[in-house]
Amino acid sequence: MNNDIVIKEIEKIKKENNIKIFAHNYQNYEVQQVADYIGDSFYLTKLAREIDAQTIIMCGVDFMAETIKILSPDKKVILPVKEATCPMANMIKAKDIENFKKENNDFAVVAYINTSADVKAVADICVTSSNAVKVIESLEENNILFVPDINLGNYISKMVKSKNIISWNGYCPIHDKVTKQEVINMKNKYPNAPVLVHPECRQEVIEVSDFVGSTSEIIEYASKLDAKEITIGTETGTLHVLRRLNPGKKFRLLSNNLICINMKKTTLEDVYNAVVGNSGYEVKVQEDIRVKAKNSLERMIELAR
Ligand code: SF4
């Protein structure tokens, strides 16, 4: 089947079966084309609770599908490719946090949303890259362990001076690879193009850039920015969204390394197979873990208001 026929088939079957397709901003263009909703992990998680759907096909990586299931237990959640995982989320285990807590009972453990359900369940609260500063500022505890991203943790600790924040030593292999020199080179080559980066980049990269924010914040900022050309320092899939929303602007990727291979594992064929029920992995979260993880997420939602 060619792509046009596959797309038509997907549209038909999803309507007949009340299926909604969610795609993360970092997904391939062909996958974004058939998505009902495109956004970051937290936006999609909140949306899943609100919409009428029997099945949600989450085109992204495993923790995203799991996070949707945690807050929408009555919906069937399918990850089209089981092997699509997040190396950063896998850098911290629930056992690591339990061991830390035994030795440090005066610390609050704050988990980035990019973590497994097991980790969310033993953390005190979750955060996203866009609400981390606000949520951590409003915590009672003074001592904070942030997991798992050391770069985002360093960024938060610079923004929240009133707390003692230490970070786990995980990192996103994609954003961590961006170098300060790449920012300088792009600025020299395209002096009229502001550089917008994600806080999962290293501190030295953030320092020489013009704006730092989550993928959604980058999209919002770039759309409002009065500049005809913009350099983007986050995963390449974001360019599809930016170009669609801003046809008059020119977007360039800061580095050719900004490609997450796990986000690219899902193809149009995988989505088709998940829609027709031939393949895909149905996400299940053990109920006691789900309830604890849900508490960490709901506490965040409350404090981020
Ligand atoms: S871009 Fe980084 S944080 Fe996002 S899924 Fe890929 S490895 Fe994980």
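Helix α13 (residues 268-276) is largely enclosed by the rest of the structure, because seven of its nine residues are buried. Here, buried means under 20% relative accessible area, exposed means over 50%, and partly exposed lies in between, using a 1.4 Å probe and protein chains only. This is a predicted model, in which local features need pLDDT of at least 70, side-chain atom pairs count only at pLDDT 80 or more, and totals for chains, interfaces and linings use all residues. Residues are numbered from 1 along each chain as its sequence is written, and side-chain values use heavy atoms, with hydrogens and water left out. Helices (H or I, at least four residues) and strands (E, at least two) are DSSP runs, numbered from the N terminus.

- The buried residues of α13 are Leu 268, Asp 270, Val 271, Tyr 272, Asn 273, Ala 274 and Val 275.
- Their cover includes the helices α1 (3-16) and α2 (29-34), together with the strands β1 (19-24), β3 (55-59) and β4 (76-79).

**How α1 meets α13**

- The axes of α1 and α13 come within 10 Å and cross at roughly 30 degrees; such axes are lines fitted to C-alpha atoms, for helices over the stretch in contact, and angles run from 0 to 180 degrees between N-to-C directions.
- That angle makes α1 roughly parallel to α13, since angles under 35 degrees count as roughly parallel, over 145 as roughly antiparallel, 65 to 115 as roughly perpendicular and the rest as oblique.
- The crossing of α1 and α13 is left-handed, a term used if the near helix is turned anticlockwise from the far one by less than a right angle, with right-handed used if clockwise.
- On the α1 side, the contact (heavy atoms within 4.5 Å) is made by Asn 3, Val 6, Ile 7, Glu 9, Ile 10, Ile 13 and Lys 14, and on the α13 side by Leu 268, Val 271, Tyr 272, Val 275 and Val 276.
- By class, the contact of α1 with α13 holds nine nonpolar, one polar and two charged residues; Ala, Val, Leu, Ile, Met, Phe, Trp, Tyr, Cys and Pro count as nonpolar, Asp, Glu, Lys and Arg as charged, and the others, Gly among them, as polar.

**The pair α3 and α4**

- Helix α3 (residues 41-50) and helix α4 (residues 62-71) have axes that come within 9 Å and cross at roughly 30 degrees.
- α3 and α4 are therefore roughly parallel to each other, and α3 passes α4 in a right-handed crossing.
- From α3, the contact takes in Ser 41, Leu 44, Thr 45, Ala 48 and Arg 49, while α4 brings Phe 63, Met 64, Thr 67, Ile 68 and Leu 71.
- These residues divide into six nonpolar, three polar and one charged.
- Ser 41 of helix α3 is buried, with a relative accessible area of 7%.
- Leaving aside neighbours within four places in sequence, Ser 41 is in contact with His 24, Phe 63, Met 64 and Ile 113.

**A parallel sheet**

- Four strands form an open sheet in the order β6-β5-β7-β8, with parallel pairing; two strands pair if DSSP finds at least two bridges between them.
- β6 (125-127) and β8 (164-167) are the edge strands, each pairing on one side only.
- Neighbouring strands of this sheet are turned by 30 degrees against each other on average, direction ignored.
- Three bridges join β5 (residues 107-112) to β6, and Tyr 112 has Val 127 in β6 as its bridge partner.
- Helix α5 (residues 94-103) packs on the sheet, touching β5, β7 (143-147) and β8, and its direction makes about 165 degrees with that of β5.

- A cis peptide bond joins Val 147 and Pro 148, with omega about -5 degrees; Pro 148 lies in the loop between β7 and α8 (150-159).
- Asn 18, in the loop between α1 and β1, has a positive phi near 50 degrees although this residue is not glycine.
- At 23% relative accessibility, Asn 18 counts as partly exposed.
- Ala 222 sits in helix α11 (residues 215-224) and counts as buried, at 0% relative accessibility.
- Leaving aside neighbours within four places in sequence, Ala 222 is in contact with Leu 196, Ile 230, Leu 242, Asn 246, Lys 249 and Phe 251.
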